[in-house]
Amino acid sequence: MPVAPLEVPVEAPVEAPIGVPFGFYVHVPFCAVRCGYCDFNTYTATELGGGGSQAAYAGHAVAEVEYAARVLGPDRPEVATVFFGGGTPTLLPAGDLTRTLAAIDERFGLAPGVEVTTEANPDSVTPESLEALRAGGFNRVSFGMQSAVRHVLRALERTHDPANVARAVTWAREAGFEQVSLDLIYGTPGESVGDWQSSLDAALACEPDHVSAYSLIVEDGTRLARQVRTGAVPAPDDDDLAEKYVIADEALGAAGLQWYEVSNWARDEAARCRHNELYWTSGSWWGVGPGAHSHVSGKRWWNVKHPSAYAARIAAGQSPAQDGEVLDEDTRALERVLLEIRLRDGMPLDLADRVRVDEVVADGLGVLEADRLVLTRRGRLLADAVVRELVD
């Protein structure tokens, strides 16, 4: 049943963005196993119960794309980036993913040079599935490598064989993917500095175009948080995390990948994740799927979280959005500071008081480049403190 053209739950009409990049995020909430550190909106088959099935998911996603087209109207923009995240998008058949992408193209149009990414686990792809994705318009893949060390993967409750990473990267190259990215996590309980160096070496041996390296964060409500609270595993150590960040920055830089966001490195400007840059620079995007967030021209809203509730709303012809807000100018300016200070391109100086900016520079945490404040490596290690200095 088509979705009725209801307004999303914000205090002003949603209008198509003008003069800024526009993207789609498609949330695929399914995972084979729930990892103990993850607080993303994901579900295993046993957690779902009735409704919200993987088999029906593409049809629901397409229906929301059609709804988005009606909300944004006839002047809706072309799509510059599409990102399928999760969860594990590649648990769905490649045909379901390409069908959803085709609906975005049909209703909005994909801009010339569009970036289309899917996340994938190394053990959730085959040469045939990657070839089908590439033929269907995907040109970038991001593999969840996390670590190359078996005991670290076990601690993270990741189930893939680390040897599968290089194989999956090779298959993606052979299928014609233009960009291949690897995701890493450092600071796992029991991970030594040597373990982390081994993971970096293994990642770089794959010759990726892009690497994301994130410190392990203990999120409230996760199994890891309960283990830390009871003393079953130690909490991540700030000094250990800082040391491993420096090791990563040096190793990646030596291999020709330069930082462009605090936790992201790319071989060149073309290898940057343009979809994530859209988030970091206050662009506009529509989020499809349960729990997905959207931001269009200063209006933000989010969908109901559970796949069954999402499916029920779609089937009933209702908007899947749960709630939303209109961002005032002060909030938008604050969010720009929070996000843009993390970028290699830096934060415009007019977003903060100049006296505070000069204090950040005097403390060795940033440098001035033309009309922008750019973090030093030490500043990147203390990015949260820099933000507090600028906005408190």
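Predicted model: local features only at pLDDT ≥ 70, side-chain atom pairs only at ≥ 80, totals over all residues.

Biologist: What makes β13 and β15 a pair?

Modeller: Two strands count as paired if there are at least two bridges between them. β13 and β15 (residues 372-375) have 2 bridges, in the antiparallel sense, so the pair qualifies under that cut-off. One of the bridges joins Met347 to Leu373 in β15, and Pro348 has Arg372 in β15 as its bridge partner. Arg372 is also the bridge partner of Glu369.

Biologist: Why are β13 and β14 called edge strands?

Modeller: The sheet is open, with 3 strands in the order β13-β15-β14. β13 and β14 each have a single partner strand, so one side of each is left without a neighbour in the sheet.

Biologist: What lies across β14 and β15?

Modeller: Helix α13 (residues 354-362), which runs at about 120° to β14. And at the hairpin of β14 and β15, with 2 residues between the strands, Ala370 takes a positive phi near 55°.

Biologist: On to the charges. How do you know that Glu369 and Arg344 form a salt bridge?

Modeller: The cut-off is a side-chain nitrogen of Lys or Arg within 4 Å of a carboxyl oxygen of Asp or Glu. In Glu369 and Arg344 the closest N and O atoms are 3.2 Å apart, so the pair meets the cut-off. Glu369 sits in strand β14 (residues 366-369) and Arg344 in the loop between α12 and β13, so this pair links distant parts of the chain, 25 residues apart.

Biologist: What makes Arg272 and Asp345 a salt bridge, and what does the pair tie together?

Modeller: Their N to O distance is 3.3 Å, and the cut-off is 4 Å. Arg272 is in the loop between β8 (264-266) and α10 (274-280), while Asp345 is in the loop between α12 (329-340) and β13 (347-348), so the pair ties together parts that are 73 residues apart in sequence.

Biologist: Why is Arg272 called buried but Asp345 partly exposed?

Modeller: Arg272 has 13% relative accessibility, so it counts as buried, given that buried means under 20%. Asp345 has a relative accessible area of 41%, so it is partly exposed.

Biologist: Where do Asp240 and Lys244 lie?

Modeller: Both are in helix α9 (residues 238-254), 4 residues apart, about one turn of the helix. Lys244 has 0% relative accessibility, so it counts as buried.

Biologist: How many salt bridges does the whole structure have?

Modeller: The search finds 18.

Biologist: One last label. What makes Leu334, Leu338 and Val391 a nonpolar surface patch?

Modeller: Patch residues need over 30% relative accessible area and no salt bridge, and nonpolar side chains are joined within 5 Å. Val391, in helix α15 (residues 383-391), has 33% relative accessibility, so it counts as partly exposed. Together the three residues have about 210 Å² of accessible area.

Conventions: Residues numbered from 1 in each chain as written. Heavy atoms only, no water. Buried < 20%, exposed > 50% of the residue type's maximum accessible area, 1.4 Å probe, protein only. Patch = residues over 30% accessible without salt bridge, like charges linked within 9 Å, V, L, I, M, F, W, Y side chains within 5 Å. Areas by Shrake-Rupley, 256 points an atom, 1.4 Å probe, with all protein chains shown as cover. Contact = heavy atoms within 4.5 Å. Axes fitted to C-alpha atoms, helices over the stretch in contact; angles between N-to-C directions.
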